[in-house]
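My entries follow the structure.

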Amino acid sequence: MKYFTTFITLLLVYLLLAGFQVNEVILGSVLSVILTVILTKYVDYKIDILFPIRFLKFLFIYIPVFIYKLVLANLDVARRVLSFKIPLNPGIVKVKTDIKGDLGKLTLANSITLTPGTLSIDVEDDVIYVHAIDVKGKNKKEHSKNIAGTFEKILGGIFK
Amino acid sequence: MMDIIVFSLMGLGVVFSVIRMFIGPNLCDRVVSLDTLNMIVIGIIVVLAVVFKSELYLDIAIVYSILAFLETIVFVRYLEGKKDGNS
Amino acid sequence: MEIVSYIFLIIGGLFFLLGGLGVLRMPDTFNRIQAGTKATTLGVFSTLIGVAFANPDWIAKVIVIIVFVAISNPIGSSAIAKAIYNSKNVPGNLVIDELKERGEDNDNDVV
């Protein structure tokens with residue numbers, strides 16, 4: 001199963017780059033088989049029967065929220081940059097997450113980097129250190145909820 | 001006419017980040033402005049594909065984005081290794 | 001179709017300009033990383049969508065570039081931030097710094 005999904009991913013990337021023609025499909029298949037044999041011991045992800053549902057959930061719930069937050073982040077940056085005296089209250093806070101698995105944590109950290117006013121610095125076991133441009137809230141629980149609440153709820157349903 | 005507006009906006013972005021690269025107080029600021037400059041250059045190459053109506057520029061943009069990511073990672077390794085020798 | 005394409009290209013150019021201005025105007029290094037990364041990521045997205053409207057045949061390569069930039073740009077800026085923190089060049093205006101005490105008290109105060 002792992003061989004098959006790696007092969008499909010490599011072939012899809014090759015065909016998106018090269019175009020859909022018969023000789024390109026043959027050459028891409030040969031190259032993908034060679035690369036699959038080499039690369040399979042470095043990839044580790046599990047795939048199960050619920051994968052299409054999770055992929056659709058990723059595509060239709062996560063992506064619109066992500067685009068909305070990205071536009072909001074840019075308007076925030078524009079407000080800060082164009083104002084005469086830049087309002088700042090920076091700090092580094094600790095965010096605890098429940099998501100297991102490297103791919104889920106990567107997606108969460110990337111989402112935190114592209115949302116308004118935050119930048120993820122380092123990921124340890126289940127803790128993400130985040131530089132926030134404007135620290136709101138009193139204690140550490142409120143920090144976690146302010147920064148990662150929305151995305152953690154969405155991504156928790158997709159990546160276990 | 002519209003091309004001139006788009007290219008002048010991107011050119012101002014390039015000018016600002018190059019100014020930061022010259023006056024940056026230390027090496028970290030220069031690496032940050034280099035990262036921003038690479039992304040703006042990817043945008044300029046992509047707009048050139050529209051202006052010249054040639055698909056080859058998109059291939060150049062793909063290769064340039066891969067090289068920009070590797071360049072950032074190499075500078076990061078250099079910055080981290082300068083402190084304590086190994087790692 | 002061409003009008004929509006140029007609207008997206010001009011929006012992308014505005015965000016690139018905003019990224020350059022943010023890198024120039026922000027007062028310390030972490031805030032420069034934030035402004036540069038966010039503005040240029042949305043600038044690349046908007047420019048590529050404009051290109052896809054101009055020539056709908058190129059949409060496969062446009063999708064490949066969008067996915068690659070969306071994955072690699074935040075990873076790059078996060079790696080720069082980690083290197084800056086580890087190289088003791090931290091700006092002195094942080095009001096709270098919880099990364100400093102890691103490894104000491106990770107048992108009771110994180111809920």
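Entry 1, a helix pair between chains. I first listed what touches what, taking contact as heavy atoms within 4.5 Å. In α1(B), the residues B:Met2, B:Asp3, B:Ile5, B:Val6, B:Leu9, B:Met10, B:Leu12, B:Gly13, B:Phe16, B:Ser17, B:Ile19 and B:Arg20 meet α1(C). Among their partners in α1(C) are C:Tyr6, C:Leu9, C:Phe16 and C:Leu24. By class, I find 17 nonpolar, four polar and two charged residues in this contact. Here Ala, Val, Leu, Ile, Met, Phe, Trp, Tyr, Cys and Pro count as nonpolar, Asp, Glu, Lys and Arg as charged, and the others, Gly among them, as polar.

Ground rules. The model is predicted, so local features need pLDDT of at least 70 and side-chain atom pairs pLDDT 80 or more, while totals for chains, interfaces and linings use all residues. Residues are numbered from 1 along each chain as written, chains are lettered from A and ligands numbered from 1 in written order, and side-chain values use heavy atoms, without hydrogens and water.

Helices are DSSP runs (H or I, at least four residues), numbered from the N terminus. I take axes as lines fitted to C-alpha atoms over the stretch in contact, with angles from 0 to 180 degrees between N-to-C directions. The cut-offs are under 35 degrees for roughly parallel, over 145 for roughly antiparallel, 65 to 115 for roughly perpendicular, and oblique for the rest. Their crossing is left-handed, meaning that the near helix is turned anticlockwise from the far one by less than a right angle.

How does α1(B) pack against helix α2 (residues 27-52) of chain B, and at what angle? The angle is about 165°, with the axes 9 Å apart. α1(B) and α2(B) are therefore roughly antiparallel. This crossing is left-handed. The contact includes B:Phe7, B:Val14 and B:Phe22 of α1(B), and B:Leu34, B:Ile40 and B:Val51 of α2(B). I get 14 nonpolar, four polar and three charged residues there.

I find 44 residues of chain A in contact with 42 residues of chain C. The buried area is about 3,900 Å², and carbon and sulfur atoms give 69% of it. That is the accessible area (1.4 Å probe) that two parts lose on being put together, summed over both. In one helix pair here, α3(A) and helix α2 (residues 29-54) of chain C pack at about 125°, their axes 9 Å apart. They are therefore oblique to each other.

C:Lys82 and A:Asp122 meet in a salt bridge at 3.8 Å, N to O. A:Arg80 pairs with A:Asp76, closest N and O atoms 3.3 Å apart. Both lie in helix α3 (residues 51-82) of chain A, four residues apart, about one turn of the helix.

Key:
Helices (H or I, at least four residues) and strands (E, at least two) are DSSP runs, numbered from the N terminus. A salt bridge is a side-chain nitrogen of Lys or Arg within 4 Å of a carboxyl oxygen of Asp or Glu.
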